[in-house]
Amino acid sequence: MNAVLQASFERRFPGGPVIRVEDFATRPEVAVTVLFGASGSGKTTLLRAVAGLDRPVAGSVRFDGRVWYDAHRSIHVPARHRRVGLVPQDYSLFPHLTVAGNVGYGLRGRSNRAMRVAELLEWLGLEDLEKRYPGELSGGQQQRVALARALAPRPGLLLLDEPLAALDQPTRLRLRGELRGWLREAGIPALLVTHDRDEAQALGDDIAVMSGGRLVQQGPVSEVFARPGSAEVADILLVETMVPGVVESVADGIARVRCGEVMLKALAPETGMREVMVGIRAEDVSLSAPDDSPASPRNRLAGLVRELCGQGVMVRVEVECGFRLVALLTREACAEMALKEGSRVVASVKAPRVHLMERR
């Protein structure tokens, strides 16, 4: 079980925004909590307040039952006394130190320094690079050195600020899975900042969505992405299809929702919402030829392909079916169906994958 981090504070910037974080807390069973949102949403401010690099004007920060900051009691534990490991966005390696020197920087004066450095270099596959300098390393190697340096003093909490942002796309994709494995193996709770949706899903156990300096939703990554708590959160998470609808009836736990001329089935909302926003993620949409056999538990919408756009190994397909519906298919699937602009298709979505949110 991991120690719990709790934060509720206010941070004001001269002539700028006010960041108000309320009731942020990690769960003890969670390895990695992702802070997600657009630039300026407050992610890095929260990270810096936890690290002790930023001092709020009100509120408190606690970790593992210890008070790190409390405005009312005038408590502010300096960053160097919080036992926090930090991996900044630009890695901030010391250019005049070797790889071994960077990793062991926080261990100066400790008798086990050489052993700890060797252990981390071997774990992260850096043992052949120990005598090189940061300028002689690739971006991916620098990232591993920064992670090793942060972990060397055995911190109680690990903070990572956009840890893959400085890398080129192929390296980011390759290191994404490796970083996830390293964070799990480290056995230290981690707080990770990103504005990349794929990174958030790949790296996080929990996600805290931030907007305008506020924490707007928090929970397990899979649950938050599948069921955003509001249209605002769905927009931040880049849910591909968002369309207004009206709940016309509810029976046996299934709601019938009219979206223009189209009727959809969805799980009945917990509250008696009538005017709703309907959210459908692209990966929950399947496409088939018009003459394929129907699947009873699915919404089946006849439509025309309006646009195809390649996204790596996947293809984003926009279908006009009474509203704009986005599907995400493999290139192989598109080729098998010979999809092109103007192709007639049937888009299918299971009722539980049609998410209803209150319209405001």
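Which residue lies over the face of Phe13, and at what distance from the ring centre?

1. **Charges over rings.** In this predicted model, Arg11 is placed over the face of Phe13, 4.3 Å from the ring centre. As for pairs of aromatic rings, a search of the whole structure returns three.

2. **Overall architecture.** The chain has 360 residues, of which 48% count as buried. Its secondary structure comprises nine helices and 21 strands. The C-alpha trace extends over about 75 × 50 × 40 Å along its principal axes. Among contacts in the chain with a separation of 6 or more, 63% are between residues 24 or more positions apart.

3. **Salt bridge between Asp206 and Arg27.** The whole structure contains 22 salt bridges. One of them joins the side chains of Asp206 and Arg27, with an N to O distance of 2.6 Å. This pair links distant parts of the chain, 179 residues apart: Asp206 belongs to strand S10 (residues 206-211), whereas Arg27 is in the loop between strand S2 (18-25) and strand S3 (32-36). The two partners may also be described by their accessibility. Asp206 counts as buried because its relative accessibility is 2%; Arg27 counts as partly exposed, because its value is 32%.

4. **Salt bridge between Arg172 and Asp196.** The side chains of Arg172 and Asp196 form a salt bridge at 3.5 Å, N to O. Arg172 is located in helix H5 (residues 169-186) and Asp196 in the loop between strand S9 (190-194) and helix H6 (197-203), so the bridge ties together parts 24 residues apart in sequence. With a relative accessibility of 15%, Arg172 is classed as buried.

5. **Salt bridge between Arg184 and Asp205.** Helix H5 also supplies Arg184, whose side chain meets that of Asp205 in a salt bridge of 3.0 Å, N to O. Here too the pair links distant parts of the chain, since Asp205 is in the loop between H6 and S10, 21 residues from Arg184. Arg184 has a relative accessible area of 48% and is therefore partly exposed. Elsewhere, salt bridges with shared partners join Glu10, Arg12 and Arg20 into one network.

6. Asp161 is part of strand S8 (residues 157-161). Although buried, Asp161 has no salt bridge. Where does the nearest side chain of opposite charge lie? That side chain belongs to Arg48, at 6.9 Å from Asp161, whereas the cut-off for a salt bridge is 4 Å. The side chain of Asp161 does make a polar contact, at 3.5 Å, with the side chain of Thr44. Beyond neighbours within four places in sequence, the residues in contact with Asp161 are Thr44, Leu47, Val87, Pro88, Gln89 and Val193.

7. Arg113 is found in helix H3 (residues 113-123). Is Arg113 buried or partly exposed? Arg113 counts as partly exposed because its relative accessibility is 29%. When residues up to four places away in sequence are set aside, Arg113 touches Gly101, Gly104, Tyr105, Leu107 and Arg108. Val103 is ten residues from Arg113 in sequence, and the C-alpha atoms of the two are 9.5 Å apart in space.

Note on methods
Residues numbered from 1 in each chain as written. Predicted model: local features only at pLDDT ≥ 70, side-chain atom pairs only at ≥ 80, totals over all residues. Heavy atoms only, no water. Phe/Tyr/Trp six-rings, centres within 6.5 Å; stacked < 30°, edge-to-face > 60°. Lys NZ or Arg CZ within 6 Å of the ring centre and 35° of its normal. Helix = DSSP H or I, 4+ residues; strand = E, 2+ residues; numbered from the N terminus. Buried < 20%, exposed > 50% of the residue type's maximum accessible area, 1.4 Å probe, protein only. Lys, Arg positive; Asp, Glu negative; His and termini not counted. Polar contact = N/O pair within 3.5 Å; in protein donor to acceptor, adjacent residues only side chain to side chain. Contact = heavy atoms within 4.5 Å.
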